[in-house]
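Thanks for asking me to look this one over. Here are my notes, in numbered points, to read beside the model.

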Amino acid sequence: MIFKKKETPVENEPVGTEAENPFIEAAEVLVEMEQNGELPEAFDLVEATQDRAFAELLSEFEPKAAVRIYVAEKRADEAENSVKTRMSEQARSRSALPKSQRGDRAVAPAPDYMSMSKEAFSALERQYRNAAHNGKRVHI
């Protein structure tokens, strides 16, 4: 529903009164703002006139303020939706990370060399030398 600027009434033509439509003055101001290029780029007059929230803003504020508030609320809603989308994408990407295949196995404790007997230490030393000699990686 696009509001058109009121022209001079023709005789015998009924003129809408403020009691019939409380938005007549607001519509005239909005049309004038549109013609003068005073409406923000993000503001779609056709969409706004069909939105109940904009009608409520017009009943509470003057048209220029209602337009600014409406545009600000639209931007805030878009920003909120953008953040929600980005957060859900991050959550999905984090859940897609590879997980450990052997999470149930405990880490073997490191041997306590100071409390080992001389024989046990010599046996462990031989074991490490043989492994290194065979080309295996030895973690001490």
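**Notes on the model**

1. The protein has five helices and zero strands, where helices (H or I, at least four residues) and strands (E, at least two) are DSSP runs numbered from the N terminus. Read from the N terminus, the order of elements is α-α-α-α-α.

2. A word on the ground rules: this is a predicted model, in which local features need pLDDT of at least 70 and side-chain atom pairs count only at pLDDT 80 or more, while totals for chains, interfaces and linings use all residues. Residues are numbered from 1 along each chain as its sequence is written, and side-chain values use heavy atoms, with hydrogens and water left out.

3. On confidence, pLDDT (the predictor's confidence in each residue, from 0 to 100) has a mean of 77 for the protein, and 78% of the residues reach 70 or more. Helix α5 has the highest mean, at 90, and α2 the lowest confidence, at 78. Please read residues 1–14 with care: pLDDT stays under 50 there, and the model gives this stretch 13 contacts beyond four places in sequence, a contact being heavy atoms within 4.5 Å.

4. Which residues touch the most other members of the largest nonpolar core? They are Leu30, Phe43, Phe54, Leu58, Val67 and Tyr70, out of 14 residues in that core. At least two core residues come from each of α1 (24–35), α2 (45–49), α3 (52–60) and α4 (63–95), with α4 giving the most, four residues. By nonpolar core I mean a set of buried Ala, Val, Leu, Ile, Met, Phe, Trp, Tyr and Cys residues joined through side-chain atoms within 4.5 Å; buried is under 20% relative accessible area, exposed over 50% and partly exposed in between (1.4 Å probe, protein chains only).

5. Val67 is worth a click. Leaving aside residues up to four places away in sequence, Val67 touches Leu30, Met33, Leu39, Pro40, Phe43 and Phe54.

6. For the protein as a whole, 16% of the 140 residues are buried. Among contacts with a separation of 6 or more, 47% join residues 24 or more positions apart.

7. Helix α5 (residues 118–133) passes a length check: its 16 residues should span 22 Å at 1.5 Å a residue, and the end C-alpha atoms are 22 Å apart, which agrees. The expected span is 1.5 Å times one less than the number of residues. After α5 comes Gly135, with a positive phi near 90 degrees.

8. Tyr128 lies in α5 and is partly exposed, with a relative accessible area of 24%. Tyr128 and Val138 are ten residues apart in sequence, with their C-alpha atoms 6.5 Å apart in space.
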